[in-house]
Amino acid sequence: MSKPDQNKPAAEPEVMEKIVSLCKRRGFVFQSSEIYGGLKSCYDYGPLGAELKRNVKAEWWRYMVHSREDVVGLDASIIMHPNVWRASGHLAGFSDPLVDCKDCKERGRADKWPTVATGTEVEYKVVVDRASGKKETRKAAVGALGIVCGNCGSPNLSDIRRFNLMFRTQLGAVDNIDVIAKALEGKNLSGNELKAAIAGAIEENAVYLRPETAQAMFVQFLNVQAASRLKPPFGIAQQGKSFRNEITVEHFTFRSCEFEQMEMEFFVPPPQYVDKSKGEKDDMDWFNYWCEARLNWYKRLGMRAEKLRLRPHESSELAHYAKACNDVEYDYPWGWGELEGIAHRTDYDLKAHEAASGKKLTYFDPDKKAHYHPWVIEPAAGADRTALAFLIDAYVEEPPSETRKEGRVVLKLHPRLAPIKAAVLPLVKKDGMPEIARKIVAEFFKNGVNSFYDEKDTVGRRYARQDEAGTPYCLTVDGQTAQDGTVTIRERDSMQQERIKVEDAVKAVQKRLTE
Ligand code: GAP
């Protein structure tokens with residue numbers, strides 16, 4: 001007899017507990033609706049977290065849209081025509097395999113639960129008295145599914161059902177209860193017929209919260225192209241909320257049901273319209289270009305290179321329409337996992353929407369005198385997951401050293417991602433120091449640089465608080481300031497200090513932000 005391979009996600013490593021605790025303490029991320037016990041997988045970004053996520057999105061937009069002529073933006077509605085999801089395949093196929101444990105009642109994804117060879121006898125524990133929590137050890141053979149419960153290890157499981165991840169709702173003054181009541185009026189149905197009748201009635205009025213931002217870029221392809229007069233290769237970029245009713249939510253904000261995506265669809269001419277002898281890039285050149293570009297984006301914003309890798313998808317992982325796909329992966333505390341996917345989607349989406357809508361979605365190339373469906377390279381990232389990876393990567397515990405009696409926790413965030421760019425600290429609350437410090441803060445705000453005034457506690461404690469918040473620069477007003485008009489500027493990571501003129505404070509920080 002063998003024990004089941006309890007291939008459950010390991011308990012969250014200690015460092016994650018510390019990061020989650022820092023996130024709450026410093027106001028990065030809170031559990032949603034906490035005073036009501038919280039809501040599984042829903043999170044709120046506090047003052048520092050809201051700034052961090054805004055900065056992540058701003059850096060993405062700056063790089064993907066504002067630094068080049070061939071990518072433009074879109075801000076589409078979250079609820080789209082339900083036929084969009086029929087044509088894209090999400091209604092039929094965007095589902096996970098759902099399974100229930102008949103012993104502990106855990107519900108999970110069959111593809112995530114431990115696999116054990118069919119027929120193997122396994123031992124597992126079942127709670128037999130809820131009040132006392134008393135457990136009984138049982139033995140049973142693994143069934144045809146070849147998996148055991150991810151919670152208790154029991155092989156006593158339900159059949160697998162497909163569970164669609166899209167959130168369904170209704171638009172307008174339609175109440176599903178009325179819809180169902182009307183559909184069933186006078187019919188004496190039961191069992192599967194009843195289920196089918198209810199499903200049919202609901203489906204007729206249903207709309208869906210988008211599970212990805214991408215589809216809007218396909219259905220608006222021609223409008224955007226005509227309005228911006230761009231010619232392939234060109235891209236449409238979008239950021240916004242997406243929703244997936246995930247069966248397994250995990251690792252803090254890594255996988256949740258409501259999240260923000262940052263996606264770009266880059267439309268390129270099909271290979272037969274590319275002249276490589278003239279230096280034109282073909283679809284695979286663009287695929288490789290975006291893989292490198294996206295990987296480097298994370299590195300340039302300070303993410304450690306050794307924690308990043310590009311993982312090509314196995315052919316078995318590829319969607320049937322995809323020619324290639326690479327994930328940018330990060331080495332999270334629980335192991336390597338996806339940060340962003342870069343997919344070569346061929347012309348599948350444009351053709352699918354053309355077939356379903358009956359509206360031509362081809363581009364007319366006046367030089368080649370040809371109508372064609374462009375092929376699409378899609379770098380698709382998540383703002384929440386990216387913000388989390390940057391937080392994890394930046395989290396450092398420094399032990400005490402010769403020059404510092406106490407250790408410190410510091411978030412070594414890239415200055416452009418840091419929520420607060422500069423903290424201004426009067427050394428003491430007298431001798432005109434608070435007044436000068438407040439004037440410096442006002443100057444920062446006037447110039448659009450997020451800054452923070454702090455006069456509470458010793459200056460050492462204030463530095464420590466700003467280190468934990470990831471603030472790259474602290475400016476301290478001291479006794480010398482009134483005499484020579486200078487302040488110290490302390491750099492977070494090196495803790496080096498130098499004196500600069502008060503009137504140069506904003507410029508000095510701004511210069512460092514653009515380095
Ligand atoms: N249009 C392609 C697409 O949506 P995806 O790999 O499903 O591809 C892209 O999603 C990115 O969105 C992921 O790499 C991840 O960063 C983010 N993402 C997806 N599902 C998520 C979830 N449940 N919670 C948080 N982020 C998620």
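Ring pairs join Phe-218, Phe-221, Phe-234 and Phe-267 into a cluster. Rings of Phe, Tyr and Trp, the last by its six-membered ring, are taken to pair if their centres lie within 6.5 Å; planes under 30 degrees apart are called stacked, over 60 edge-to-face, and the rest tilted.

Before I continue, a word on the source. This is a predicted model, in which local features need pLDDT of at least 70 and side-chain atom pairs count only at pLDDT 80 or more, while totals for chains, interfaces and linings use all residues. Residues are numbered from 1 along each chain as its sequence is written, and side-chain values use heavy atoms, with hydrogens and water left out.

Let me turn to the overall picture. The protein chain contains 15 helices and 25 strands; helices (H or I, at least four residues) and strands (E, at least two) are DSSP runs, numbered from the N terminus. The C-alpha trace spans about 90 × 75 × 50 Å along its principal axes. Of the 515 residues, 48% are buried, where buried means under 20% relative accessible area, exposed over 50%, and partly exposed in between, with a 1.4 Å probe and protein chains only. Contact here means heavy atoms within 4.5 Å. Among contacts between residues at least 6 apart in sequence, 65% join residues at least 24 apart.

I return to the rings. The structure holds 21 aromatic pairs. One of them is formed by Tyr-273 and Tyr-372, which are stacked at 4.9 Å centre to centre with 20° between the planes. This pair links distant parts of the chain: Tyr-273 sits in the loop between β12 (258-268) and α9 (283-300), and Tyr-372 in strand β17 (residues 370-372), 99 residues apart. Tyr-372 has a relative accessible area of 3% and is therefore buried. Tyr-332 and Trp-334 are also stacked, because their ring centres are 4.7 Å apart and their planes stand at 10°. Tyr-332 is buried, at 2% relative accessibility, whereas Trp-334, at 24%, is partly exposed.

Next, the helix packing. Two packed helices are described by the angle between their axes and the distance between the axes. The axes are lines fitted to C-alpha atoms, for helices over the stretch in contact, and angles run from 0 to 180 degrees between N-to-C directions. Helix α2 (residues 47-66) and α11 have axes that come within 9 Å and cross at roughly 110°. They are therefore roughly perpendicular to each other; the classes are roughly parallel under 35 degrees, roughly antiparallel over 145, roughly perpendicular from 65 to 115, and oblique for the rest. On the α2 side the contact involves Leu-52, Lys-53, Val-56 and Lys-57, which meet α11 residues including Phe-390 and Leu-391.

What lies at residue 394 of α11? Ala-394 belongs to this helix, which covers residues 383-394. Ala-394 is buried, with 4% relative accessibility. Beyond its neighbours within four places in sequence, Ala-394 is in contact with Val-410, Leu-411, Lys-412 and Leu-413.

Which residues make the contact? Ile-440, Glu-443 and Phe-444 of α12 meet Ala-505, Val-506 and Val-509 of α15.
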